[in-house]
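Please open the model in a viewer and keep a selection panel at hand.

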Amino acid sequence: MKILTAISMVLLGYCSQVAAESPVFPTRPIILVNPYAAGGPADLLGRALGKTLAEQLGQPVVVENRPGGGASIGAAHVAKSAPDGYTLLLGTAAAHTVTPLATKVPYDGIQDFEFVGLVANVPNLLTVHPSSTANTLKELIALAKAQPGKLSYASAGLGSSPHVAAELFKYRAKVFMTHIPYRGAAPAANDLVAGYVPVGLLNVSGVLPFVKTGRLKALAIAGASRSALLPDVPTFAEAGLPNFVAGSWYSLAAPAKTPPAVVDMLAKALATVQAQPEFLAITAAQSAEILKLNRAETRKFVQDDAKAVAELIKATGLKLND
């Protein structure tokens with residue numbers, strides 16, 4: 001009897017330890033940090049993601065905008081948050097690869113995060129103000145070459161995917177344009193429409209309404225194929241600049257050392273979200289491609305992107321303090 005009692009006590013202790021190590025998650029609202037300004041493409045995607053994640057997790061997911069510093073302000077906040085799954089980052093190349101490689105930030109873009117998965121990828125669209133004399137990609141390149149440095153382009157911020165894409169375009173097309181960084185795609189698009197800056201290579205979703213209403217001219221899309229939303233707009237390859245594909249990928253990440261069980265639960269919820277008709281409709285309206293990668297595949301994706309960015313920085317001398 002004593003032996004049975006002793007065994008029972010050991011089993012009870014083991015079960016209590018397992019229970020302590022496997023807390024119920026989530027039991028309170030989750031914060032999803034968007035490192036860009038409200039109203040832009042990242043904000044639209046983040047709010048759609050937050051809404052559908054909340055439905056899967058049974059707790060509110062509150063989107064918190066923390067723009068600035070080439071997405072490093074929001075990323076640093078998440079990296080330094082408690083690793084409990086209640087503070088997440090809508091990650092981008094700027095937050096994880098570009099800014100950490102191009103300037104000094106208080107976090108490691110890869111090692112300080114647990115990657116839940118990739119959310120989507122949105123291609124960039126080259127647009128100009130309607131007053132521009134350039135009606136094609138070749139005409140814009142010729143205009144830029146005729147006026148070195150006089151043409152300026154808007155980006156969603158230093159180190160943002162549109163910034164990197166535009167610098168890659170300059171390098172490949174052998175042109176020089178002046179960079180005008182904004183605190184998100186929304187203010188950048190607004191100044192494009194107002195005519196304060198003549199060129200933009202922003203996410204499709206950030207400028208699509210203005211293209212549709214004729215307030216901006218679309219010259220080329222940086223996708224592997226044309227967008228169903230803009231079937232008359234050629235790809236860069238079709239317009240004369242081959243092998244130019246550039247977009248903005250979005251990931252979901254938690255602070256490093258977040259319990260694996262919590263990250264796995266978030267990954268499972270994300271996979272379910274990516275199959276929801278409502279979420280698919282919202283991403284399709286942004287011409288976004290759904291990227292379904294598991295945790296390990298997502299980390300490798302980000303690591304590979306970091307290698308590509310490092311090569312671009314070396315080739316172009318990309319700086320984040322211009």
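Begin by selecting Leu45, Ala48, Leu49, Lys51, Thr52 and Glu55 in H2, which meet Glu278, Phe279, Ile282 and Thr283 in H11; contact means heavy atoms within 4.5 Å. By class, this contact of H2 with H11 has five nonpolar, two polar and three charged residues. Ala, Val, Leu, Ile, Met, Phe, Trp, Tyr, Cys and Pro count as nonpolar, Asp, Glu, Lys and Arg as charged, and the others, Gly among them, as polar.

This is a predicted model, in which local features need pLDDT of at least 70 and side-chain atom pairs count only at pLDDT 80 or more, while totals for chains, interfaces and linings use all residues. Residues are numbered from 1 along each chain as its sequence is written, and side-chain values use heavy atoms, with hydrogens and water left out.

Next, display the whole of helix H2 (residues 41-57) and helix H11 (residues 277-285), which pack at an angle of about 175 degrees with their axes 10 Å apart. H2 is therefore roughly antiparallel to H11. Helices (H or I, at least four residues) and strands (E, at least two) are DSSP runs, numbered from the N terminus. Axes are lines fitted to C-alpha atoms, for helices over the stretch in contact, and angles run from 0 to 180 degrees between N-to-C directions. Angles under 35 degrees count as roughly parallel, over 145 as roughly antiparallel, 65 to 115 as roughly perpendicular and the rest as oblique.

Select Leu49, Thr52, Leu53, Gln56 and Leu57 in H2, which meet Met265, Leu266, Ala269, Leu270, Thr272 and Val273 in H10. The residues of this contact divide into eight nonpolar, three polar and no charged.

Of the 15 lining residues, select Tyr36, Ala42, Ala156, Asn203 and Tyr250, which lie nearest the centre of the largest cavity. The volume of the largest cavity is about 120 Å³, and its lining has eight nonpolar, seven polar and no charged residues. On a 1 Å grid over the protein atoms alone, a cavity is a set of points where a 1.4 Å probe fits but cannot get out, and a pocket is an open set with protein on both sides within 12 Å along at least five of seven lines; lining residues have an atom within 4 Å of a point. Grid points are joined across faces, edges and corners, and a volume is the space filled by probe spheres set on the points.

Now turn to the largest pocket, which holds about 650 Å³ of space. Select Asn121, Val245, Ala246, Gly247 and Trp249, which lie nearest its centre among 28 lining residues. H12 gives the largest share of this lining, five residues.

Then show helix H4 (residues 93-102) with helix H12 (residues 295-316), which pack at an angle of about 40 degrees with their axes 9 Å apart. H4 is therefore oblique to H12.

Finish with two backbone details. The peptide bond from Phe25 to Pro26 is cis, with omega near -5 degrees, and Pro26 is in the loop between helix H1 (2-21) and strand E1 (30-34). Lys174, although not a glycine, has a positive phi of about 60 degrees; Lys174 is in the loop between H6 and strand E6 (178-181).
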